[in-house]
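Thank you all for coming.

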Amino acid sequence: MTTASLTDRATTVAARATDLSKIYGQGETQVVALDRVSIDFRQAEFTAIMGPSGSGKSTLMHCVAGLDTFSSGSVRIGETELGSLKDKQLTKLRRDKIGFIFQAFNLLPTLTALENITLPMDIAGRKPDRQWLDSVIGMVGLADRLGHRPSQLSGGQQQRVAVARALASRPEIIFGDEPTGNLDSRSGAEVLGFLRNSVRELGQTVVMVTHDPVAAAYADRVVFLADGRIVDEMHGPTADSVLDRMKAFDAKGRTS
Amino acid sequence: MFRTALRNVLAHKARLLMTVLAVMLGVAFVSGTLVFTNTISDAYQKSSAKGFDQVDVALTAEYQDAKGDQVGKLHELNQAVLDKSERVPGAASAIGVVQDFTAIAGKDGKLIGEGFQSQGGNYWGTKDPRYPLVSGHAPKGRGEILIDSETAKRAGYKVGDTVRMSVDGPVLTPRITGIFTTDDGNVAAGGSLTLFDTATAQQLFGKAGLYDQIDVKAKPGVTQAALKAELDKALPKGTVSTTTGKQLADEQAEAISRSMSGMQTALLVFAGIALFVGTFIIANTFTMLVAQRTKELALMRAVGASRRQVTRSVLIEAFVVGAVAAVTGLVAGIGIGAGLRSLMGSFDATVPDGPLIVKPATIVTALAVGILVTMLAAWLPGRRAAKIPPVAAMNSVHAKATTKSLVLRNTLGALVSAAGIAVVLAASTMDGSDGQVPMGFGAALLIIGVFILTPLLSRPLIAAAAPVLRVFGVSGKLARQNSVRNPRRTAATASALMIGLTLITGMTVMAGSLQQAIEKMASASVKADYVVSMANGNPLSPDVEKKLKQTDGVTATSPMVNGESRIDGESHYLTGVNGAAIGDLVGPEVDEGSFKVGGTDIVVDSETAKSYGWKPGSAFTAAFEDGEKQRLTVAGTYESNDFLRGILVDEKVLAPHLVDPYNMKVMVKTADGTSGATQDRLEKALGTNPAIKVQDKQDISNEIAQMFTLMLNMVYGLLAMAVIVAVLGVINTLAMSVFERSQEIGMLRAIGLDRKGIKRMVRLESLVISLFGAVLGIGLGVFFGWAAGELLATRLPTYELVLPWARIGIFLLLAATVGVLAALWPARRAARLNMLEAIKAE
């Protein structure tokens, strides 16, 4: 892949939320989870969404990933507008265009590692691209564990299977919901390394929700949410700079 | 502890629903059976007690035993006995009773009621206290009869109408001169009663001057016992037996409760099966509840609850569930009992009126059964709960279901199954009744063995379905894997269905094979085109054969006359046949000699011949009813069957010695075989008699088939209960699976499996479990059917295993339907799971 094409792609938007709002309840008990959020996720970019709990970071990810409905605004994945889609079309969109990595790994215990990796394609009834699959498996270092079941794998290995599952179908965008939340720091670092590599080397787009500054430091860009609004953005973050920024919010939160 | 248990019950209401339903159905079945049988039996007893109001002492003839060459017979109960008994000091009056079969036709010419319920009797004098007249007057002579009010209402007859009726063959067309009411149990049960004047009844029934019974009424103040003593003294010893009305009523009451208790036992067996099947569901539910509460139970252990307390808390929970189910079941059962009675009332089977009887014993039984069954089924899960170590409370993730090795279970199962198969196989080589008990024992062993082995069997059998499931893509693959994920639970669920289907298939195989064997025998041994007999199996008048012989197109006829004789000082019935024609009418397999009946030549079935040591050419002496003796020679021996057995003698030899030469059947051969026209001609020749059946081979087969179909349908109906409970089990298991796997389902939805796919996955899992149970059940059923058939075959040479493929197909289809239906609700729930909640749930 040439540098030119990489730059080219970097300007293309993989997912875009415009004036996205999500409101629970009505009247007195009304809770605004997302308040007219507008954000672009560019292709081949690794974005981390941060914020204190209740800030709406998970809700934002769920809405953009087509897992949850929103109250107003619009969400596009590639050229597709999500707001007008029915459940069936949404499901198909998630299947074909989106990859997921969850905090609790969420592998099927009855399937082997390889079967778990190819599950989205099995659901779609597609044959996996053998060459691509091999390179993904090679990247996450699972070649000798393919016949194992999740219960025979460590937490880090399970999450690597989950990463491979997300990458295997070459989705337009991968969403991670606290992907390192259940891992020790070494396994967490491995998984984050794979995600970063997939962005750098394969041009994958990754959006990750996290509350861990160390994890966020792997991203190209960090978006900060508070009270359902985007309050800040940082490019080329380091763990320290992210931590400082978070402390600043906390202080502001306390004084205001 | 009790409060915790109660809270748990309330917290898991929805999940316990299926358990409650399963127990409730079983209890309802039990209490319904008890209420129904008690109510009916009470009503019958009351009505029969009323029936003996007019009788203080009943006289019946004593039997004079056979002695030497003298055939046994009844002493005469004649007018002299009646007069004598009426004259004893304590007697107020005496009534002579005459009764026998009397068929009466409706306005459509067809017999009213079933043959065996068509009764006739005598109306005593001008005013019979037994039968109060509603309208009209007493009958006189052959041209006048009375009929009971129920029959009159049913057939639409009124006083003055002319009726077609028959007693022993010839058709009579008397006029109804009156209608009476009666407490007669037979009439109450849907039969008919026709009354003649006494002399006519005696003539028609072939008992001129004789009574079947004499009812003596005591003077006021004279007890039944005192009257009985007087009568015993007045009448010649050994000729008449006397019974008081109270004794008669008691005897009848006992007979009724005996026959009711048979029915009750049969129904309770089916209720027991349903409850047994229910225990699997209860055990499954409690196992899951315990697994889900591992952390909570461990916490209780950690804060100081003893093992016993933990077990007890589970048992208390079971007690509460069982009690709720038992009470609702009891209420439903009382409803079923009442419903069944009115259902019987709405058919022709009229049941005497009476209050609904709910005995305290019924209530106690229902409650005890419901609670005990539930607690028993929850006992194992309760013990498992106690084994949870306190440290489990500290683990963040609740412990996975222990995958304790199945090695012990499999070994035990294999041993028990092998023993069961061995016993069944050994029993199948035994002779008829000897093998019954060991076979039942072996069958029970094998069912238990297979049940223990089901978890092991589930893998290969469900794997065999993989190619089919592959068609359904990921949903199919996941369904297959999910269904073997918890082998114990799958096994318990499938076993519930297996038991019902084992019984159903076994019955079907046996009934089908038996039916075919009997039909085959009928067609092999009967060469006659038609067999004429009385609707109730009573003897036919000799006139019938004479008339048949004169009918156009009839080429040969033979009666079958029964006559008692004494051979070597033992009683033996001889069958008189038309020696010249018998060869054309029956065709049994001849073992030795030739099938030749005529003059002093006779044939005898091989079994009888063996017992007397006869061979073709052997001669013996038979003493007939009238004391005359005759030397007879064995011409040949034949294989006996249901239509033909014993010693066949030429009727010309037998008939002259009979006091009352009556025919049991008449076999007819016609020139142009069986046809509607021929049958019409025969029926017309007999005066289109409601009491006589003219049947061709097909009719006989149909009659047999009808009997089997009726029996099978009843068994199906009763076993349907067990199947319904099994369906509840499948629903329960699926609901549990969906609940436990909500996180997985959420993930699948997130990565792109649509609702349809999720639904299909659950449905296929249900289908796989149901079909697994069905295949096991059908397999076992066929095996048992075969084994039981081996036993029957020793009695029935034409028996041959017939596999009812169509039925087996229907059973599989039914199991599949059960699977799909049971999955409806769980699949909907799974598809509607909130994806986000499901993924987040930890």
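**A valine, a sheet and a covered strand**

Let me begin with one residue, B:Val532, which is found in strand 16 of chain B, residues 530-534; strands here are DSSP runs of E with at least two residues, helices are runs of H or I with at least four, and both are numbered from the N terminus. Before I go further, please keep in mind that this is a predicted model, in which local features need pLDDT of at least 70 and side-chain atom pairs count only at pLDDT 80 or more, while totals for chains, interfaces and linings use all residues. Residues are numbered from 1 along each chain as its sequence is written, and chains are lettered from A and ligands numbered from 1 in the order in which they are written.

Is B:Val532 buried or exposed? B:Val532 is buried, because 26 other C-beta atoms lie within 10 Å; the rule is that a residue is buried with 20 or more other C-beta atoms within 10 Å of its own, exposed with 12 or fewer, and partly exposed in between, the C-beta atoms being placed from the backbone. Leaving aside neighbours within four places in sequence, B:Val532 is in contact with several residues, among them B:Val544, B:Leu548, B:Lys665 and B:Val694, where contact means that the C-beta atoms, placed from the backbone, lie within 7 Å.

Let us now look at chain B as a whole. An automatic or database domain assignment divides chain B into domain 1 (1-54 + 224-229 + 244-402), domain 2 (57-223 + 230-243), domain 3 (459-525 + 697-842) and domain 4 (536-689). The centres of domain 1 and domain 4 of chain B, taken over C-alpha atoms, are separated by 56 Å. An unreviewed UniProt entry carries the annotation "domain: ABC3 transporter permease C-terminal" for residues 269-390 and 718-834 of chain B; such positions are given in the numbering used here, feature names are shortened, and annotations may be inferred rather than shown by experiment. Residues 718-834 of chain B are 85% helix and 0% strand, and the end C-alpha atoms of this span lie 41 Å apart.

Next comes a sheet in chain B, an open one of four strands in the order 4-14-1-15, with antiparallel pairing; two strands are said to pair if DSSP finds at least two bridges between them. Strand 4 (91-97) and strand 15 (240-244) of chain B stand at the edges with a single partner strand each, so one side of each has no neighbour in the sheet. On average, and ignoring direction, neighbouring strands of this sheet are turned by 20 degrees against each other, with axes fitted as lines to C-alpha atoms, for helices over the stretch in contact, and angles running from 0 to 180 degrees between N-to-C directions. Within the sheet, strand 1 (residues 57-61) and strand 14 (residues 213-218) of chain B are joined by three bridges, and B:Val57 stands opposite B:Val216. Helix 3 (residues 79-86) of chain B lies across strand 1, strand 4, strand 14 and strand 15, running at about 160 degrees to strand 4.

Finally, we turn to chain A, which has 10 helices and 10 strands, and in which buried residues make up 45% of the 256 residues. In strand 3 of chain A, five of its five residues are buried. In a regular strand the side chains alternate between the two faces of the sheet. Both faces are covered in strand 3 of chain A, with A:Phe46, A:Ala48 and A:Met50 on one side and A:Thr47 and A:Ile49 on the other. Strand 3 of chain A runs parallel to strand 8 (residues 206-209) and is joined to it by four bridges, with A:Phe46 opposite A:Val206. Strand 3 of chain A also pairs in the parallel sense with strand 9 (residues 221-226) over four bridges, and there A:Met50 has A:Phe224 as its bridge partner.

In the loop between strand 2 (31-42) and strand 3 (46-50) of chain A we find A:Ala44, which has a positive phi of about 60 degrees although it is not a glycine. A:Ala44 is buried, with 23 other C-beta atoms within 10 Å.

Conventions: Contact = placed C-beta atoms within 7 Å.
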